[in-house]
Amino acid sequence: MREDAEALDIRDVTANWVNAEVLQRQIDDRIKALADLSHTPLFFGRLDYLHAPGTDLAEGAGGEQFYIGRRHVHDAEGDPMVIDWRAPVSQPFYRASKKDPMDIALRRRFGYTGGELSAYEDERLSDPAEAERTSKLLQQEIERPRVGPMRDIVATIQPEQDEIVRSGLAGSVCVQGGPGTGKTAVGLHRVAYLLYAHRERLARTGTLVIGPNASFLHYIEQVLPALGELEVKQATVDELVGALVEVRGTDSAEAALVKGDARMAEVVRRALRSHITMPAEGVVVVRGSRRWRVASYELADIVRELMGRDMRYGAARDALSQRIAHAVLVQMERAGEAPDDRVQDAVARNAAVKAVVKRVWPAVDPAKLVLRLLSDAEFLAEHAEGVLGSEEQKSVLWVKPARSVKSAKWSVADAVLIDEASDLVARTHSLGHVVLDEAQDLSPMQYRAVGRRATTGSVTVLGDLAQGTTPWATRSWGAALGHLGKPDAVIEELTAGFRVPTDVITYASRLLPSIAPGLAPVESVRENPGAFEVREVAEPGEVVAACVESLSNEGSVGLIAADARCAALAEALTEAGLSFLAPGEETTADARLTLVPASLAKGLEYDYVVLDDPASIVSGEPDDRTGLRRLYVSLTRAVSGLVVTHTGPLPLQLT
């Protein structure tokens with residue numbers, strides 16, 4: 001298929017050089033999508049139908065056989081050899097069971113070692129004589145060591161995951177899932193499915209995956225290309241809102257909490273609208289020898305009417321000049337003239353009209369608006385009255401006001417406020433579908449920023465309320481979806497854990513009553529209980545020794561520690577001659593140890609984890625609840641084994 005694409009000759013089929021460039025790019029993208037991926041087989045399953053799909057079962061027509069793979073593959077004649085996993089005919093591979101065989105006689109799973117076919121396993125779903133059993137190949141694939149970036153789970157998608165993956169484009173979905181339940185993979189595979197089912201629409205409107213940080217995005221960036229999808233963009237929330245100003249500052253927890261509160265949207269709206277003033281006098285438009293006057297009361301009526309409409313500030317400003325021009329044209333018509341649209345446009349550009357618009361509805365720079373709110377106590381108090389308390393207003397005001405937009409040390413929360421103001425001035429471009437991962441850490445204002453990118457599209461929200469590690473972390477998905485502008489989204493919960501071993505998740509779940517009361521604990525489905533040990537140590541050298549022990553096993557190793565302790569541990573690793581990676585750097589067979597600050601552990605996974613001093617992770621956060629949630633995240637990064645080392649007492653919740 002790739003060779004056929006490479007051999008295409010477009011010299012005689014394009015009308016001009018523009019068409020040729022566009023077509024060549026499409027061919028290049030096709031060739032790239034058809035690239036062979038090392039250790040990635042073309043098919044992983046087979047379905048033997050009792051009856052050919054689409055035929056009447058009562059007619060007794062013969063069955064049909066399909067191989068299922070990551071993408072569609074056809075032979076030289078164009079006949080299908082492998083069916084795309086997203087096709088309707090592939091669905092029984094994930095959903096069929098002994099209870100509901102879905103007209104499947106046999107489901108075959110193929111096992112691979114290093115890209116070579118090494119095993120297969122059959123399930124005769126329609127044979128009453130064969131008992132239902134757990135797939136050993138499926139279990140082995142789930143428990144396979146993790147080295148390198150995140151991989152797709154297309155061969156191991158479970159029925160409850162498949163329901164979410166194949167849900168329609170029109171509806172938004174929120175997935176609550178504990179550690180290792182596969183929520184990130186489900187979200188990415190949902191994107192791949194939607195691109196398959198609605199390719200033309202999403203090609204026009206665009207698709208975006210939003211992650212918590214660059215390390216996380218780097219970790220997941222190979223999943224969609226492996227499924228043949230190359231056009232999905234990735235970004236963090238900070239990158240989305242940071243286009244207008246450079247973020248160079250930080251906020252105190254108190255300031256960030258207030259700036260991230262949804263009430264700030266009303267403060268910004270009021271501040272923007274305060275620039276509108278009622279006209280004190282009319283306007284006179286001179287055209288040729290005639291003078292046309294629009295009285296002040298008429299102008300006031302136009303301004304009030306525009307203020308009452310659901311329009312962006314900038315769009316209403318543009319409409320104001322046209323409405324004034326229309327009022328002049330009405331007078332012209334009454335005087336017997338026959339003006340057309342060109343005359344109206346000319347009147348709208350008249351200097352007198354432009355002067356009125358500038359005075360009544362002036363242009364507003366979003367960054368300058370927020371700069372004034374954060375610098376001018378009186379301006380803030382005027383527009384925050386009845387919305388923010390006096391102490392809240394003090395917390396967001398800059399101690400040393402900046403002189404200009406460029407010199408200001410904007411924080412991430414400030415950039416979100418500017419994004420809010422920018423959307424009030426001019427509507428933000430909306431995408432067809434947005435995936436928001438690790439959503440529990442977003443503030444209400446950040447949710448609003450993401451929601452603006454999907455006003456005409458749908459969203460897939462992924463997160464775990466127990467893993468919220470910011471002071472403003474989400475307490476309920478209902479509230480979060482309201483801020484996103486998707487209150488009707490369906491909330492699904494995943495509780496089966498495929499990554500974290502039983503002993504590890506049981507230990508970590510001791511924290512749940514303190515950090516997320518009422519949330520169901522994850523139940524590990526892994527047969528291997530995992531290696532687990534809590535070890536008291538006296539100095540960093542013993543932590544290094546635990547890393548050496550973990551490195552004797554196959555797979556990746558993560559040393560997770562409180563941010564403040566990472567420098568000392570890095571020094572101890574270097575002295576011991578152990579090389580290590582930073583989060584986001586790809587593990588290889590020769591470099592398997594990563595030193596991970598606890599603040600960056602979210603979303604990552606390692607075969608073996610050495611967790612340094614849990615009490616330091618808790619104390620490194622502004623409050624116990626946030627600290628315990630950070631610890632819960634750190635404890636649940638292990639796939640095969642966990643060693644917890646501590647120099648002092650453990651947090652009470654773990655004892």
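1. The model is predicted; local features need pLDDT of at least 70, side-chain atom pairs count only at pLDDT 80 or more, and totals for chains, interfaces and linings use all residues. Residues are numbered from 1 along each chain as its sequence is written, and side-chain values use heavy atoms, without hydrogens and water.

2. An open, mixed sheet has 6 strands in the order β3-β4-β2-β1-β5-β6. Strands are DSSP E runs of at least two residues, helices H or I runs of at least four. Pairing takes at least two DSSP bridges. β3 runs antiparallel to β4 (residues 80-84) over 2 bridges. His74 stands opposite Pro80 in β4.

3. The structure holds 33 salt bridges (side-chain nitrogen of Lys or Arg within 4 Å of a carboxyl oxygen of Asp or Glu). Asp84 and Arg86 form one at 2.8 Å, N to O. Asp84 is buried at 6% relative accessible area; Arg86 is buried at 4%. Buried means under 20%, exposed over 50%, partly exposed in between (1.4 Å probe, protein chains only).

4. Arg263 and Glu392 meet at 2.6 Å, N to O. This pair links helix α12 (residues 263-273) to helix α19, 129 residues apart. Arg263 is partly exposed at 29%, and Glu392 is partly exposed at 24%.

5. Arg248, Lys400, Arg403 and Lys409 form a positive surface patch. Patch residues have over 30% relative accessible area and no salt bridge, with like charges joined within 9 Å. Lys409 lies in the loop between α19 (390-396) and α20 (412-425). Lys409 is exposed, at 60%.

Methods. Patches are made of residues with over 30% relative accessible area and no salt bridge: like charges are joined within 9 Å, nonpolar side chains (Val, Leu, Ile, Met, Phe, Trp, Tyr) within 5 Å. Accessible areas come from the Shrake-Rupley method with a 1.4 Å probe; for residues, only the protein chains shown count as cover. Lys and Arg count as positive and Asp and Glu as negative; His and the chain ends are not counted. The place of a charge is taken as NZ of Lys, CZ of Arg, CG of Asp or CD of Glu.
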